[in-house]
Amino acid sequence: RYAIIGSGFTGVAAARRLADLNPHEEILLLDANLVGEGSSGRNSGFLISTPHNQSMSGRHKANQVARKQIQISHAGRTQLLALIQEHNIDCQWNPIGKYNAAATPTGAAALKQNIEQLRRWDVEVEVLSPEELRGRFGTDYYQYGYRTSHNVFVQPASLIHGLVDSLPENVTLKEQTPVLALKAENQQYRLQLPDTTIKAHTVILANNGFAKSLGILKSRLVTIYTYAGLTPELDPQELAAHGIEPEWGIIPANRLGTTLRKYNNQRFMVRSSYSYEKELSPTKAQAILQQLYKNRYPHLARHDFEYFWGGATALTRNGAYFFGQIKKGLYAAVGCNGGGVLKGTAYGKLLAELSMGYDSSLLRDALSLTQPSWLPPEPIRRVAIQSAICYQRQRAGLER
């Protein structure tokens, strides 16, 4: 009766809720890859509950929209924490907040605007001097920054595996099973798999940017690749060089800037660089990351990574998530814009409820938010997006 495409945080949350509401129905959860091998397990482990896109208001007042987004993210956080506690999922849950930091006057000005917005939403902000930043991070690279408590750090691969392992028994997971085609047929949907065809009354798309490959929302989604490197376990002297706090993370002032994370007195992560619809060569991407690491910590003896990876995420032109019904029996929550753990968790549960005709104030809030805006067709789209990436990269300057 139910087929869900994508076993990331959105798909798993949808499967869990459908299984709870339909204990005698089989719920089929499909993924083209292995659990945790996509962005659900390869993200940087920030669970941020303040809006990434602070101007996504459309016809509504910006503060009202922001508060709705915060509520949805808080709902996702509450869901995750309850499941972690119920199923004893060891994912290094650490609700210590996060930093936003700027290396340039332009970046500092952008952060000061962010602070004004956060305070309008009643979010407490701790502003830090350059000296405080230097002590906390072990580098004098940053000129201005602030800390908010609205973030939890996790080990994302452990979290998604724990959530999948604890799914109800009436959920059947099929990994390495891509859906090659999706077609409406006699009030059902035909899903073409590599070795068979199945039919489902209700289909939920939770495969982010890869919904495009099924012909869904092709004029709304783009796929962007980004990259990260993780150091070997660091000795005490090397750890001390990364600041006094045992664990911390920085979000950059520019969207194409560099994200940093110190992992609970063990390792250090650098995430940066973007490419449109196609991966950079591993050699080039790794060299970029190592240089960005060296720029911030030139005093270190080495800037080596033990692990290095890249992966895809989905962006929309206006930063909006698509959430809702596409047509009868077909639902989607895609276009995470790099913030899909909490929102995806909440949206997956809400999408399951929407498909069954349920109603709630949170569901109405999710449906009221701005939808992704239209994108021009190729090749105009490619030229426009690559030009935008190039422009933002130049504008980022030292924020990279």
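Leaving aside neighbours within four places in sequence, Arg267 is in contact with Leu230, Thr231, Pro232, Glu233, Leu234, Arg261, Lys262, Glu306 and Tyr307, where contact means heavy atoms within 4.5 Å. Before we go on, note that this is a predicted model, in which local features need pLDDT of at least 70 and side-chain atom pairs count only at pLDDT 80 or more, while totals for chains, interfaces and linings use all residues. Residues are numbered from 1 along each chain as its sequence is written, and side-chain values use heavy atoms, with hydrogens and water left out.

**Around Arg267**

You will find Arg267 in strand β16; helices (H or I, at least four residues) and strands (E, at least two) are DSSP runs, numbered from the N terminus. Arg267 has a relative accessible area of 16% and is buried. Here buried means under 20% relative accessible area, exposed over 50%, and partly exposed in between (1.4 Å probe, protein chains only). A polar atom of the Arg267 side chain lies 2.9 Å from the backbone oxygen of Thr231. Arg267 also meets the side chain of Glu233 in a salt bridge. Glu233 is exposed, at 52% relative accessible area, and sits in the loop between β13 (222–230) and α7 (236–240), 34 residues apart from Arg267.

**Salt bridges**

A salt bridge is a side-chain nitrogen of Lys or Arg within 4 Å of a carboxyl oxygen of Asp or Glu. How many salt bridges does this rule give? The count comes to 14. Here are some of them:

| Glu353 | Arg17 | 2.8 Å |

Glu353 is buried at 6% relative accessible area, whereas Arg17 is partly exposed at 21%. Together with Lys349, these residues are linked in a network of salt bridges.

Glu126 belongs to strand β5 and Arg136 to helix α5, 10 residues apart. Glu126 is partly exposed, with 30% relative accessible area, but Arg136 is buried, with 16%.

**Helix α5**

Which residues of helix α5 (residues 130–137) are buried? They are Leu133, Arg136 and Phe137. Seen down the axis of α5, these residues fall within an arc of 80°, so they line one face of the helix; the arc is that of the directions from the helix axis to the C-beta atoms. What covers them includes β4 (98–102), β5 (126–128), β6 (144–148) and β14 (248–252). After α5 comes Gly138, with a positive phi near 75°.

**Aromatic rings**

Rings of Phe, Tyr and Trp (its six-membered ring) pair if their centres lie within 6.5 Å; planes under 30 degrees apart count as stacked, over 60 as edge-to-face and the rest as tilted. The structure holds 12 aromatic pairs. One of them joins Phe137 and Tyr142 edge-to-face, at 6.2 Å centre to centre and 80° between the planes. Phe137 is buried at 0% relative accessibility, and Tyr142 is buried at 5%. For Trp248 and Phe268, the ring centres are 5.6 Å apart and the planes are at 65°, so that pair is edge-to-face. Trp248 is in strand β14 and Phe268 in strand β16 (residues 267–276), 20 residues apart. Phe137, Tyr142, Trp248 and Phe268 are among the members of one aromatic cluster, which also includes Tyr99 and Phe305.

How values were computed
A polar contact is a pair of N or O atoms within 3.5 Å; within protein, one must be able to donate a hydrogen and the other to accept it, and residues adjacent in sequence count only if both atoms are side-chain atoms.
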